[in-house]
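This briefing covers a few local features of the structure shown below.

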Amino acid sequence: MGPRSEGKRTLRANIIYAVSGMGLYSACLFLVDVLIAKFASAEIQGQVFLAIAMATPIATFFSLELRGVLVSDANNHFSYGSYQTLRHRMLWVGAVAMGLATLYALRFDTRLPYVLIFIGICAHKLTWFVAEITWGVFQRRERLDLMAWATSSRGLIMLVPLAVALPLIHAVGGTEQAAAWAVACGMLWTATAWLLMRYALEGRWLRQRTDLDYSTDSAAQSRLFLQALPLGLVALIVPLCESVPRLLVADDSREALGYFGAMVRITMIPNLIVIQMGLASSNRIALYYQTDRGRFWRLLAQLGAITLLIGIIFVGAASLAGEWILRIVFTPAYAVYAAEFQIVVLAQALALISNILGVTATQMRLFWLQVPAQVGVLVVTVVAGLLLIPQDPVGGAAKTILIRAAVHVGLYATCMFIGLLRSSGAHEEGSPTDG
């Protein structure tokens with residue numbers, strides 16, 4: 001399975017597909033947050049963000065970032081069957097780990113709908129990562145139109161039941177408990193429907209690809225595991241850095257976590273654009289890095305310029321209308337945190353840069369170099385969170401993620417610089433052991 005294009009779409013068209021598809025998904029995710037804020041409570045919102053904070057690091061670690069490894073495997077070191085089998089086996093282990101996390105979450109709340117919210121989010125995190133290995137094939141074939149269809153459909157599947165149930169419960173004077181049950185049922189429905197979609201629809205597309213090699217053996221899977229392990233560690237640490245401030249806030253109040261998490265969610269909109277832009281370009285970054293450094297640098301310059309422009313617009317909008325945005329999108333109770341929102345926005349603007357650096361480092365196959373960089377980011381995040389959050393949960397969390405973002409950019413720039421120095425002359429970056 002070579003990294004060839006089906007349909008010869010331009011990079012611009014692929015970026016439009018990636019951004020629009022994941023954009024619709026993220027819009028649906030954001031609207032779910034808005035619905036919970038307006039028709040439920042900040043405590044239910046906090047329970048959702050608590051589940052995300054605990055489930056995401058587990059799911060991303062056991063996914064081993066195999067989608068990124070697959071796309072970067074321009075020399076076809078491993079068959080598609082090796083990637084698919086290893087992904088499924090690792091996610092079964094991840095499911096056990098999430099079961100243990102659910103038991104731990106009982107310390108926060110033992111009410112059944114709140115427990116089911118947690119279980120539902122764990123389940124749809126796992127079903128998302130089951131599908132991702134298929135999306136790696138979409139990326140290698142530059143079929144970002146299929147990725148757009150897959151992600152946007154998932155967003156609508158998640159949104160529609162809650163968009164009906166929560167306003168209806170609120171209109172008839174339903175209790176917070178009833179709203180919690182609606183959110184729980186919505187999350188469980190989402191996981192079930194996503195899993196059916198993966199095997200009934202996306203699986204059918206895969207079966208039509210006659211050149212996919214499904215052969216594999218234990219030796220190949222062991223080699224692939226060892227090669228992907230550093231990215232698995234990175235994939236664990238990145239969401240841990242996101243989760244640490246949330247867990248520290250949750251220890252004080254899930255209501256405070258609801259406010260903080262909602263503000264962070266707004267800032268994910270430009271983040272989404274940059275991430276999808278990077279993913280749409282990832283196949284070409286990997287190929288140009290190995291074959292044409294001039295085109296490699298030109299592509300990075302273009303991505304960097306767009307990222308900088310998005311960040312400037314983003315920060316400017318929050319500075320001019322931050323309080324209005326929080327009041328209109330959520331409720332006046334959220335607008336109290338307008339100053340903290342501006343700090344969060346600045347942090348996420350810096351994170352846009354680190355997203356492009358991260359995608360590029362992965363496609364350069366600098367897998368192990370990313371591990372100490374991410375460990376450094378995690379250590380700084382934990383220290384900052386412990387110092388800042390206890391006395392001011394929402395404001396301290398905002399300052400923590402700003403410090404984390406600044407350190408992240410600096411360490412990843414250093415990581416790429418070291419990788420480029422190593423690769424100069426000998427072009428060893430194509431080796432599976434590089435980085």
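**Loop between α2 and α3**

Glu65 is found in the loop that joins α2 and α3. This is a predicted model, and the values that follow are computed from it.

- Glu65 is not a glycine, yet its phi is positive, near 50°.

- Helix α2 covers residues 42-63, which makes 22 residues.
- From its first C-alpha to its last, α2 reaches 31 Å, close to the 32 Å expected at 1.5 Å a residue.
- α2 has a kink of about 30° at Ala55, shortly before the proline Pro57.
- Of the 22 residues of α2, 21 are buried, so the helix is largely enclosed by the rest of the structure.
- Leu64, with its positive phi near 60°, follows α2.
- The C-alpha of Ala55 is separated by 9.5 Å from that of Gly94, and the two residues are 39 residues apart along the chain.
- Gly94 belongs to helix α4 and is buried, with a relative accessible area of 0%.

**Helix α6**

- Helix α6 (residues 144-171) has 28 residues, which should span 40 Å at 1.5 Å a residue; the end C-alpha atoms are 40 Å apart, so the two values agree.
- At Leu159, α6 has a kink of about 25°.
- Gly173 follows α6 and has a positive phi, near 75°.

**Largest pocket**

- The volume of the largest pocket is about 240 Å³.
- Its lining is made up of His88, Leu91, Trp92, Ala95, Ala123, Leu126, Thr127, Val130, Leu195 and Tyr199.
- At least two lining residues come from each of α4 (80-105), α5 (112-140) and α7 (176-207).
- Eight residues of the lining of the largest pocket are nonpolar and two are polar, with no charged residues.

**Second largest pocket**

- The second largest pocket has a volume of about 200 Å³.
- Lining this pocket are Leu11, Ile15, Met277, Tyr288, Arg295, Arg298, Leu299, Gln302, Leu303 and Ile306.
- Two or more of the lining residues come from each of α1 (11-39), α10 (268-291) and α11 (293-329).
- α11 gives the most to this lining, with six residues.
- By class, the lining of the second largest pocket has seven nonpolar residues, one polar and two charged.

**Aromatic pairs**

- Over the whole structure, 14 aromatic pairs are found.
- Tyr289 and Phe296 form a tilted pair, because their ring planes are at 55° and their centres are 5.1 Å apart.
- Both Tyr289 and Phe296 are buried.
- Phe296 also pairs with Trp297, with 5.3 Å from centre to centre and 75° between the planes, an edge-to-face arrangement.
- Phe296 counts as buried at 1% relative accessibility, whereas Trp297 is partly exposed, with a relative accessible area of 44%.
- One aromatic cluster is formed by Phe30, Tyr259, Phe330, Tyr334 and Tyr337.

Definitions and conventions: Residues numbered from 1 in each chain as written. Predicted model: local features only at pLDDT ≥ 70, side-chain atom pairs only at ≥ 80, totals over all residues. Heavy atoms only, no water. 1 Å grid on protein atoms, 1.4 Å probe; cavity = no way out; pocket = protein on both sides within 12 Å on 5 of 7 lines; lining within 4 Å. Points joined across faces, edges and corners; volume = space filled by probe spheres on them. Helix = DSSP H or I, 4+ residues; strand = E, 2+ residues; numbered from the N terminus. Nonpolar A, V, L, I, M, F, W, Y, C, P; charged D, E, K, R; others polar. Expected span 1.5 Å × (residues − 1). Bend = angle between axes of the 7 residues up to and from the residue. Phe/Tyr/Trp six-rings, centres within 6.5 Å; stacked < 30°, edge-to-face > 60°. Buried < 20%, exposed > 50% of the residue type's maximum accessible area, 1.4 Å probe, protein only.
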